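Welcome! Please take a moment to look over the sequence and the structure below, and then read on for a short tour.

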Amino acid sequence: MATHGSRNRATGGVRPDVVPFDLPQLSRLSWELGARLLEDDAPCHSKWERIGSTWRLSIFRVETNTAVVRVQTPVGRERFYNIAELDLATVIPELEAATRWQRLE
């Protein structure tokens with residue numbers, strides 16, 4: 001089954017429609033790189049869940065100026081996106097304003 005999403009040239013592929021933000025500088029990471037960045041116990045900034053679904057989104061700080069967004073699909077697949085720390089100022093209010101997403105912490 002194909003995942004439906006919005007074409008986004010900056011992410012190098014498909015960004016799932018359920019993700020409530022779209023940053024031009026958002027970069028998709030390979031699964032291997034994303035998982036490796038998070039295996040060193042990167043501090044979790046926040047966790048979110050889509051209401052009425054099992055989509056999950058987590059934001060981790062991996063470097064001084066870099067964050068990683070992990071999107072987990074209902075079947076357990078993970079996608080990783082690299083964003084600048086400064087862009088969290090845009091992403092967090094969009095997540096908070098999204099009526100279908102709730103913060104888990």
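## Confidence in the model

What is the mean pLDDT of the chain, and what share of its residues reach 70 or more? This is a predicted model; its mean pLDDT is 83, and 86% of the residues reach 70 or more. Over residues 1-13, however, the pLDDT is below 50. Beyond near neighbours in sequence, that stretch has 26 contacts in the model.

## Helix H1

Let us turn to helix H1, which spans residues 31-38 and has Gly-34, Ala-35 and Leu-38 as its buried residues. Seen down the axis of H1, these residues fall within an arc of 95°, so they line one face of the helix. They pack against four strands: E3 (27-29), E5 (56-63), E6 (66-72) and E7 (78-84).

## Helix H2

Helix H2 covers residues 88-97, and here Leu-88, Val-91, Ile-92 and Leu-95 are buried. Viewed down the axis of H2, the buried residues lie within an arc of 95°, so they too line one face of the helix. An α-helix has 3.6 residues a turn, so residues three or four places apart point the same way.

On the other side of H2, you will find Ala-89 and Ala-97 exposed. The cover over the buried residues of H2 includes strands E4 (44-50), E5, E6, E7 and E8 (101-103).

## A closer look at Arg-70

Is Arg-70 buried or exposed? This residue of strand E6 has a relative accessible area of 17%, so Arg-70 counts as buried, the cut-off being under 20%. Leaving aside neighbours within four places in sequence, Arg-70 is in contact with residues including Leu-38, Arg-56, Phe-60, Glu-78 and Phe-80.

How values were computed
Residues numbered from 1 in each chain as written. Predicted model: local features only at pLDDT ≥ 70, side-chain atom pairs only at ≥ 80, totals over all residues. Heavy atoms only, no water. Buried < 20%, exposed > 50% of the residue type's maximum accessible area, 1.4 Å probe, protein only. Helix = DSSP H or I, 4+ residues; strand = E, 2+ residues; numbered from the N terminus. Arc of directions from axis to C-beta. Contact = heavy atoms within 4.5 Å. pLDDT = per-residue confidence, 0-100.
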